[in-house]
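Student: I have a model open and want to learn how to read it. Where do we start?
Tutor: Let's take one feature at a time.

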Amino acid sequence: MATKWKDLKHKASPETRERVKREALAEYAEMERIGVGVIRVARQQTQVAVAEQMHVPQSAVSRLENQNDCLLSTLRKYVGALGGTLEMRAVFPDGAVELDGLMRMPAGVEEQTSL
């Protein structure tokens, strides 16, 4: 049986708890640097589960999460596999413009992804 954190945390010294906190914050900072993978982690999903939803190999999800740029259609498919909807807008000092029309494929056009 696994040990629960609440049972362990009281046994750790204040120095150890502070070190663990620093390490956890560093991990979160690294996830933010990585990119879209932080969305998956926040949704408590594995790359394998997302890959199954996207009908691609797990390695394709890993590449997507580690690349600097991707197609909007690929990002939409990734977010959809996590149960979400991708929305986009351009924000200017005098207002914002919804760009949801860019997120849909025109009728009769087959969707392509960069995976």
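Student: Which residues of helix H6 are buried?
Tutor: H6 spans residues 72-81, and its buried residues are Ser-73, Thr-74, Leu-75, Tyr-78, Val-79 and Ala-81. Keep in mind that this is a predicted model.

Student: What covers the buried residues of H6?
Tutor: The cover includes helix H3 (37-42), helix H4 (47-54) and H5. After H6 comes Gly-83, with a positive phi near 90°.

Student: How do I read a helix with a buried side?
Tutor: An α-helix has 3.6 residues a turn, so residues three or four places apart point the same way. Now look at H5, residues 58-66: Ala-60, Val-61, Leu-64 and Glu-65 are its buried residues. They lie on the same side of H5, because they cover an arc of only 135° around the axis.

Student: How do strands S1 and S2 run, parallel or antiparallel?
Tutor: Strand S1 (residues 89-92) and strand S2 (residues 95-98) run antiparallel, joined by 4 bridges. Take Arg-89: its bridge partner in S2 is Glu-98. A hairpin of 2 residues links S1 to S2.

How values were computed
Residues numbered from 1 in each chain as written. Predicted model: local features only at pLDDT ≥ 70, side-chain atom pairs only at ≥ 80, totals over all residues. Heavy atoms only, no water. Buried < 20%, exposed > 50% of the residue type's maximum accessible area, 1.4 Å probe, protein only. Arc of directions from axis to C-beta. Pairing = 2+ DSSP bridges. Contact = heavy atoms within 4.5 Å.
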